[in-house]
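Here is a short report on one predicted model. It covers a helix pair, the nonpolar cores and an aromatic pair.

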Amino acid sequence: MKKIIYPTLVSILLITACEKEKSPEPTPEPEPSYTVPTTYNFSNVNYSGQTTRLDMVAEIKTYMNTGNTMGAVLSSQKLKEMYQNINNQFSNSSLNTSGKNIKSKVFSLDQTIFEGFMDSLAAASISTVSGSNGVAGVVVSPTNSAKKYLCDKNGVEWTQVIEKGLMGALMYYQTVAVYLDESSIGNSVDNSTVVVGEGTAMEHHWDEAFGYFGVPVDFPTNTVGMRFWGKYCNDRNTILSTNSEIMNAFLKGRAAISNKDYTVRDAQVTIVRDAWEKVIAATIISYVNATKTNLSDDAVRNHNLSEIKGFLMNLKYNPTKKISNAQLIQLEGYLGTNFYSITSTSLDQIRDLLSSVYGLDAVKTTL
């Protein structure tokens, strides 16, 4: 376990070294003199590479879930080859021949960490007995036999850690730290030369950021087809109202770039980064609440805590994040390494710290 936690903390610290100074409070936006569409239907949009990688993560998740049946042994080699997209491991042949892969787009210092997670998942799947404290295996809920999850001896369901971790290290990181960064959409990036089907370089980078949000072009009016972050944003929307906030920012930002309105573009970057980060924090709190409700159910508790573990990793990738690195380390400490030993007090500490940082105190018990 130490081998896994150590590089995670190191990567937090190294991300800090690359962080820019936090932006001052945004000034009111000027009203645009151009039309902002209500759906993501602009000319020359292409984010097929992002859609392909979401498809890859989905198929990896499907394969990992087969380990939730006792006796089904998972191959770490297959998982790593799917991660790198080598040796035609996807059942969807178009993914094998796409020329895309996940590993190269994951935050560089965390790329090998996920391969270690895959080793841990495959090792747990070898077990032929039920999982319990100190014993790897499939853990079944005593109240709902459909809820059964492959866990290691500490109760960690690596399938959840890998999926939620990739939502951060791939999708969220690429959006908030790569495509919405100065190097991708700053004023020095070409915004004049139009490539048919992709727009200008600046437009294309913005579209690629939108592609990782995982929503249909007419979201949130239409929620059919949303996945990964789109789904989790929608799950929190009743309380946070972030569906329209994030979608409108993507729409307004793309229109601003096409009209060379860089003041409005920059304001939308702040909105996307802040709102998306709040969705992550609120999602963790929601799983804390669900865990407190099912504290004595080994299967449900371990499943929820594994989701928390994955989502906690996500919070470090935002270059303008609200939470400090010291607080992230503090949260990992509250979560601990053995999920069979988690206490209600530790869960309250996770919830209270997050709700304080993200201004969610008033809703922390209802998320």
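## Two helices side by side

Helix 2 (residues 48–65) and helix 6 (residues 158–179) pack at an angle of about 170°, and their axes lie 9 Å apart. That makes helix 2 roughly antiparallel to helix 6 (an angle over 145 degrees). Axes here are lines fitted to C-alpha atoms over the stretch in contact, with angles from 0 to 180 degrees between N-to-C directions. Helices are DSSP runs (H or I) of at least four residues, numbered from the N terminus.

Contact means heavy atoms within 4.5 Å. Helix 2 contributes residues including Leu-54 and Val-57, while helix 6 contributes Ile-162 and Leu-166, among others.

## Nonpolar cores

A nonpolar core is a set of buried Ala, Val, Leu, Ile, Met, Phe, Trp, Tyr and Cys residues joined through side-chain atoms within 4.5 Å. Buried means under 20% relative accessible area (1.4 Å probe, protein chains only). The largest core has 97 residues. Phe-213, Trp-229, Phe-250 and Ile-284 have the most contacts inside it. Helix 11 (residues 262–293) gives the most to this core: 13 residues.

Another core, of five residues, lies apart from it; Tyr-149 and Tyr-340 are among them.

## An aromatic pair

Phe-210 and Phe-250 are both buried. Their ring centres are 5.4 Å apart and their planes are at 70°, so the pair is edge-to-face (centres within 6.5 Å, planes over 60 degrees apart). Phe-210 lies in helix 8 and Phe-250 in helix 10, so the pair ties together parts 40 residues apart in sequence.

## Ground rules

Residues are numbered from 1 along each chain as its sequence is written, and side-chain values use heavy atoms, leaving out hydrogens and water. In this predicted model, local features need pLDDT of at least 70 and side-chain atom pairs count only at pLDDT 80 or more, while totals for chains, interfaces and linings use all residues.

Methods:
Angles under 35 degrees count as roughly parallel, over 145 as roughly antiparallel, 65 to 115 as roughly perpendicular and the rest as oblique. Buried means under 20% relative accessible area, exposed over 50%, partly exposed in between (1.4 Å probe, protein chains only). Rings of Phe, Tyr and Trp (its six-membered ring) pair if their centres lie within 6.5 Å; planes under 30 degrees apart count as stacked, over 60 as edge-to-face and the rest as tilted.
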